Amino acid sequence: MFGDMFEEEEDVGFVSENKTMNGWKSRKKDTDPPPHRAASNLSGIKNQGGTCYLNSLLQTLLYTPEFRESLFALGPEELGNLSDKDKPESKVRVIPLELQRLFAQLLLADQLAASTSDLTDSFGWTSNEETSQHDVQELNRILFSALESSLVGTSGHDLINRLYHGIVVNKIVCKECGNISERQEDFLDLTVAVKGVSGLEEALCTFYVEEEHFDNDNLYHCGRCEKLVKATKVSLPQHLKNIFDLEILINYAVYSKLCFNGTLDKPSALKHQASLKGCCFQCKICLLIATTSKQKDRYMFSLWHFKSRAEFDSATNNIEVHLHLGPEYKFRNGALYPASSQKDSMLTITIDRRKTIGDLRQTIFQLLEFWKGDMVISVAKQLPVGLHLYETFHEDHTSLHSLGITDGAILFVWNGSQVCGVVIHVGEEFEPMMLKILCPTLKSKSETEMVQFIEMQKVFTRNTLLASARNSLALSTGISPEELTVYYKKNLENKGSTNWIAYDAEDGHKTLADLRLKDGDTILVSDQKCCNLSVLSSNGMPITVADRSWLQVKNYCGEKFSQIAGKTVTIPVTMETLVSEIKANAIEKLKLKDEQVDGTCLRPIDRTGKLLPPVCEDLTVKGIGLKTGSSLALFPGHTPKGTQLFLYFSVGDSLHMTPEMEIVVEQNISVRECLKLMLEKAGLTGECWHLRKTDWCYDAGEVLKDEEATLAYMKITNGETLVIMEGRLPPKGFLMLPVWLYQPPLDSENRGCFREEQENIANRLCDLNIESTARDFSLRQYMGTELEYIGNIEISGEASLEDLKTQVLTLPLLQGLSVPSMEFLRVWLVENKCPVKILRNQQQQLSKFKLGSSAEIGIQLLQAEENLTSTELLLRLKMAVPGERMYYPAEEFVWDISKECTVRTLKQKIVQHYSLPPEQIEIAKYFPDQFEWMPMTSWTQQVSKKKKKKKQQSLHGAPYYLKDGDIIGVKNLLIDKNKDFSTVADDIGKEKLKLEGNSKDTRHQATVQGGDASENPEKQAVRARTRKPEVALSISVADFR
């Protein structure tokens, strides 16, 4: 089930001190048995470079008994076996299995620390994710989501929801009208801040019990009052689990003063402090508090900051409740009224708020001996129109306090269905509101027409549709429903001016609550046939009709309008107007000829000017999700059918560099057929192409590997953008690797030899009809290195590094080379057109190197055999020329870092290499992309409060990030006292970078201030795109549904 749980890890690349370099995972070659557990008898977790946040979360989950036992309860009959994960069509749930395997190692294996490499492999992480810092709370949520997806269809499908899910209710109470706005939120973890608090209990009370007040400059906008008002907000956990995952936001300066003790019942807390040196001001600590079911009540009391039950006395908990008796009430005009007097219809009692609804009901039965039948208790509220019911209580065992029943609460006692034979609707949506209705009339007096108003009051419920209210008003006023117009009052900034605005036709389908009408508001109704609204006024308040909704249609038909928009017309619409009607009206207003409008469609235009896919003409404005005031394009071409897809596509790997094209295809064609159609439209030939989706920032993303699957199966949607990329897709389990010939110019003699070899390769490329400039992969001046593209190889992921070298030598450009053995070849990993990493271990499988789909390699010919170990680092040393701002040619320097990788040890090795005194040399690392030299000095970090131990800074981490091929400058202070490492070439490079930055700023400012309105929309859209930010953390999970 767990595979080889105690198997020792193999060497897959360069390693030192459990650190990483350039995104490659470091693993120590196990020549000796792993260290045994320490005196604590606990096993730790190795850091893969930047996975301290992952390690803290895993330790937290491991020592949560409920989670651990639930995970181990899942057997191989449900999860499968790790040995079968590479078999075709196997449904092995790798993530929970690897999590079980890791937990088993931490609990059972006699080793000082366990590795998470297999677990992160199951996440689908590459070396970049494993060496990057991420947020532990984000990882917690993503991991829980991945586990839920992995456990679909098993007995553990609800593991996360069962253990961690809870509900928080956010309540905002308006202090003016008393309106309560509630919103429920699901949570798997709670966030608290502990700065300035004495402990965890106070932090929880501050976040989830105490009220937050909105006043002064921080007012709340009440939907009922329609203005900024004072209000209070409180967040109350409503549904709690036995396990709480708390994210603590902690100020680094007060970390040492934190204390979590005393208030919680035996909490199990695991803390993890991330590295704080220069990385962030705040750190996040994953803290988990677990209690048994028997302790749940005690924990809840601690959370709510209550005192013990014994300290509550009756005087503290007694509340007065006003009971309104249903048999003494009648229903009239949308609300409840006393049938006789208020005194006879109401009863006031005193009761302990800790009592339950069942206790309250029993008390009422004892007081009302005449009551027969069912008794239902509902929350009521006194409104201007009468009494209204909001919520009915059904849970007899729920306390009054937990239901929000406080001192002075109004409760209605009835049978739950009728009052005096009338069915009563309960809830906020049925709340009655009284509206003041103004109906203007024109009367003649002394040959002068005057406007007079008839005022009336009508009661509607909040969920009444405006159309229904209009019909009711038509009966009351005698105005025909077709001619009756309803207006609402809008206050302008000038308090002495008020406008009456007419409701639109589409507002007829909205409720009065949606229209933000509240109790006591005034509306105006009029008959447009009888009243001239242009002269209608009341107390100096003019009545104006709001502008009708409209859309703009731009003409893209005709040859001269094929790239830019022509004439623009405005079409009045409602939300129910059909697209076909808009098109017909636009054609009529544009006065287009029949031959110009045949085969045209309407396409929305987004804010960047890009033309979106055509819209279906049988839909309404509301149906296509278009807002009034938007722009449409009348464009040549037919609207796609329901079985067709409108797609954008581009050729290349950078959409901001290549124009987009459009195509309409059937949903049921295969990816291969779609690619063929796109290649034909783009004018491309050949079979060395493949399709990719675009990610959320419009860069080439996921490869559509299954070329025989249909577009519908691959979930390609209408309006999606695809990218045609160069290169044929390799079979499953194979890699397609571009190969470069790489040779660093170590001295002038080697440079001349390399130039001759480059010319020979260029001639052979011409003989093979291959243009070396067809791909922009030349890097002749970057980092002082030479790269030349020589072809691609297709190789199995199960092949070894030695097999890779052998296959590279079969490329046409290298077949004439005489290589005594594979040790005379050095293989580099090439990233961003730069060699960054040496691949080690001849017998290592390529799959262990985690070479992604975009990986590239470089081949370097050596003059002698080389077999670098995982503890050897290859650097390039450059000795400064005395008195000059230049360096002697670089020489390769192999440094054994098995014991230590610090500035002090590196300096010692360089001193031995040049036979110079240690105090008379200075060293610096070169950053070629910035043309900067960073002096390398010893730096220590205090790791003990008593300052007894010091830890040397590793060169693999910040700020040096030392890796294979880095350039180290050396200054001999005996003959040159100048400690400036920069050269004239560096000054020129910095100036170029500065000029490029200024040029970009100038172009951007010119684009923002004065763009050409007639510019091609596609170019505008391309220009509007920005580069993607940092990639978010993710975990890949197979589909088990």
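Start by selecting helix H13 (residues 357–367), where Ile357, Leu360, Arg361 and Ile364 are buried. Buried here means under 20% relative accessible area, exposed means over 50%, and partly exposed is in between (1.4 Å probe, protein chains only). Helices (H or I, at least four residues) and strands (E, at least two) are DSSP runs, numbered from the N terminus. Look down the axis of H13: its buried residues fall within an arc of 100°, so they line one face of the helix. That arc is taken over the directions from the helix axis to the C-beta atoms.

A quick word on what you have open. This is a predicted model, in which local features need pLDDT of at least 70 and side-chain atom pairs count only at pLDDT 80 or more, while totals for chains, interfaces and linings use all residues. Residues are numbered from 1 along each chain as its sequence is written, and side-chain values use heavy atoms, with hydrogens and water left out.

Now, what covers the buried residues of H13? Show strand S12 (318–325), strand S15 (346–352), strand S16 (376–383), strand S17 (386–393) and strand S18 (409–414), which are included in that cover.

**Next stop: H19**

Jump to helix H19 (residues 801–808) and pick out Leu801, Leu804, Lys805 and Val808, which are buried. Down the axis of H19, the buried residues fall within an arc of 95°, so they line one face of this helix. Their cover includes strand S37 (734–742), strand S38 (787–796), strand S39 (825–831) and S41.

Stay in H19 and click on Glu802. Glu802 is partly exposed, at 29% relative accessibility. Leaving aside neighbours within four places in sequence, which residues is Glu802 in contact with? They are Met822, Gln842 and Gln843, where contact means heavy atoms within 4.5 Å. Glu802 and Gln842 are 40 residues apart in sequence, yet 4.9 Å apart in space, C-alpha to C-alpha.

**Helices that cross**

Select helix H1 (residues 52–62) and helix H4 (residues 94–108): their axes come within 11 Å and cross at roughly 80°. That makes H1 roughly perpendicular to H4. Axes are lines fitted to C-alpha atoms, for helices over the stretch in contact, and angles run from 0 to 180 degrees between N-to-C directions. Angles under 35 degrees count as roughly parallel, over 145 as roughly antiparallel, 65 to 115 as roughly perpendicular and the rest as oblique.

Show the side chains and you'll find Leu58, Leu61 and Leu62 of H1 meeting Leu99, Leu102, Phe103, Leu106 and Leu107 of H4. The residues of this contact of H1 with H4 are 8 nonpolar, no polar and no charged. Ala, Val, Leu, Ile, Met, Phe, Trp, Tyr, Cys and Pro count as nonpolar, Asp, Glu, Lys and Arg as charged, and the others, Gly among them, as polar.

In H4, Ile95, Pro96 and Leu99 meet Ala146, Leu147 and Ser150 in H7. The contact of H4 with H7 divides into 5 nonpolar, 1 polar and no charged residues.

**Salt bridges**

How many salt bridges does a search of the whole structure find? The count is 27, a salt bridge being a side-chain nitrogen of Lys or Arg within 4 Å of a carboxyl oxygen of Asp or Glu.

Zoom to Asp964 and Arg840, whose side chains meet in one (3.0 Å, N to O). Asp964 lies in the loop between strand S47 (950–952) and strand S48 (967–972), and Arg840 in the loop between strand S40 (834–838) and strand S41 (856–861), so the pair ties together parts that are 124 residues apart in sequence. Buried or exposed? Asp964 is buried, at a relative accessible area of 1%, and Arg840 is buried at 2%.

Now select Asp966, which forms a salt bridge with Lys925, with the closest N and O atoms 3.2 Å apart. Asp966 lies in the loop between S47 and S48 and Lys925 in strand S44 (residues 921–927), so this pair ties together parts that are 41 residues apart in sequence. Both Asp966 and Lys925 are buried.

**Last stop: positive phi**

Most residues other than glycine have a negative phi. Click on Glu226, which has a positive phi of about 55° although it is not a glycine. Glu226 sits in the loop between strand S7 (220–222) and strand S8 (227–229) and is partly exposed, with a relative accessible area of 36%.
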